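Here are a few notes to read alongside the structure when you next have it open.

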Amino acid sequence: MNIALLIAGGSGNRMGQDIPKQFMHVDGAPIIIRTMQCFQLHPDISAIAVVCLKGWETVLQSYANQFMIDKLRWIFPGGDSGMESIHNGIYGLKEKGCDDEDLVLIHDSVRPLLSQEIISSNIAICKAYGYAITGIQCREAILESEDGFISTASIPRDTLIRTQTPQTFRLKNIIRAHESACKKGIVNSVASCTLLAELNENIEMHIVPGSEKNIKITTVEDLEILKALMHTSKDEWLK
C-alpha cells in the first residue's frame, strides 16, 4: 500500500488563535481536510492515517465524514513533539498490520496545496531508491546568526535544499531509523530527513522537486498567502 500519514499533533501556538491551525476553516473547509483531499484524490494512495492532537479525534472523524474522506483508515494520538507524533504514527501502522514494504508518505497536515505531481514523484522515487524527500533548491542569500539579529557570516546557497513534505519511506526503513535514534539518544529531530542525517549512517535521501505553493501554514501571514494562492491561477500567456 501507499499510505499518507498526516501529522496533526501540534497545538499551533505560533498562530495565536483559539483553535489549532489544522482545524481552522479556509473557504468553508478546515485546513486539514483540504490537505486530506490531496491524498483522497490521488489514485495511487491506498489509505490515509492521521496523528491527531489529543481531544480532537472526534472532530477530525466528523469532518472526514462530512467531506467524504473515505480513505481515512486510522487516527493515532499525537505526541509532545513532531518526532514523537511520527513515532506514534509509524508504530501505529505497524500495529494495525501494515506491511514492512508499504510506502508511508509523511506529510504536514497544514500543507493543503500539495500537488498530485509531487505525490506521484514521491511514490516513484521511493520505490526506486528507498527514500524520497520533497525539497526546493535555495535561491535566497543565506546568513548565519546565533541570535537572529546579528550576523557576520554567510553560507553558500548552491548546495542547500529547503525541505518540505511529503517525506516518503518504506515502513520498515522509517521504523528502523526511529529505533536507531532511540539507541543514540536522538529524541527531538525536527523532521524525518534531519533524523536520518543525524543518525550519521550515510543514508542517501533522494530529492523530489517541491513547489513554492506547497507552503506550511504556521502564521497568520501564511494563512493570507494560502488564501491568495487558492484564488489565483496561471495566466494563459505564460509558458
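Contact here means that heavy atoms lie within 4.5 Å of each other. Please keep in mind that this is a predicted model.

1. Let's start with helix H2, which covers residues 57-66. With the contact cut-off in hand, the buried residues of H2 pack against strand S2 (25-26), strand S3 (29-30), H1, strand S4 (47-52) and strand S5 (72-77). The buried residues in question are Leu60, Tyr63 and Ala64. Around the axis they cover an arc of only 100 degrees, which puts them on the same side of H2.

2. The other side of H2 is where Thr58, Asn65 and Gln66 are exposed. After the helix comes Met68, whose phi is positive, near 55 degrees.

3. Met36 is found in helix H1, and counts as buried because its relative accessibility is 0%, where buried means under 20%. Leaving aside neighbours within four places in sequence, Met36 is in contact with Leu60 and Ala64, and also with Leu6, Ile48, Val50, Ile69 and Leu72. If you trace the chain from Met36 to Val110, you pass along 74 residues, yet their C-alpha atoms are separated by 9.8 Å.

4. Ala153 is found in strand S9, residues 153-155. Its relative accessibility is 30%, so Ala153 counts as partly exposed. Not counting residues up to four places away in sequence, Ala153 touches Leu143 and Glu144.

5. Which residues of helix H4 are buried? They are Ile118, Ile119, Asn122, Ile123 and Cys126. Seen down the axis of H4, these buried residues fall within an arc of 140 degrees, so they line one face of the helix. An α-helix has 3.6 residues a turn, so residues three or four places apart point the same way. Glu117, Ala128 and Tyr129 are exposed on the other side of H4.

6. What covers the buried residues of H4? The cover includes S1, helix H1 (31-40), S6, strand S7 (131-137), S10 and strand S11 (206-209). H4 itself runs over residues 116-129 and has 14 residues. From first C-alpha to last, H4 reaches 20 Å, close to the 20 Å expected at 1.5 Å a residue. Gly130 follows H4, with a positive phi near 100 degrees.

7. Now for the open spaces. The largest pocket has a volume of about 830 Å³. It is lined by 39 residues, and the closest to its centre are Ile7, Gly82, Asp108, Val190 and Lys216. Strand S1 (2-8), helix H3 (82-95), strand S6 (103-108), strand S10 (161-170) and helix H6 (192-198) each supply at least two residues of the lining. By class, the lining has 12 nonpolar, 21 polar and 6 charged residues.

8. The second largest pocket has a volume of about 200 Å³. Its lining is made up of Arg111, Arg162, Thr163, Gln164, Ser211, Glu212, Asn214, Ile215, Lys216 and Thr218. By class, that gives 1 nonpolar, 5 polar and 4 charged residues. Do look at Lys216 while you are there: Lys216 lines this second pocket and is also among the residues closest to the centre of the largest pocket.

Technical notes:
Residues are numbered from 1 along each chain as its sequence is written. This is a predicted model: local features need pLDDT of at least 70, side-chain atom pairs count only at pLDDT 80 or more; totals for chains, interfaces and linings use all residues. Side-chain values use heavy atoms; hydrogens and water are left out. On a 1 Å grid over the protein atoms alone, a cavity is a set of points where a 1.4 Å probe fits but cannot get out, and a pocket is an open set with protein on both sides within 12 Å along at least five of seven lines; lining residues have an atom within 4 Å of a point. Grid points are joined across faces, edges and corners, and a volume is the space filled by probe spheres set on the points. Helices (H or I, at least four residues) and strands (E, at least two) are DSSP runs, numbered from the N terminus. Ala, Val, Leu, Ile, Met, Phe, Trp, Tyr, Cys and Pro count as nonpolar, Asp, Glu, Lys and Arg as charged, and the others, Gly among them, as polar. Buried means under 20% relative accessible area, exposed over 50%, partly exposed in between (1.4 Å probe, protein chains only). The expected span of a helix is 1.5 Å times one less than its number of residues. The arc is that of the directions from the helix axis to the C-beta atoms.
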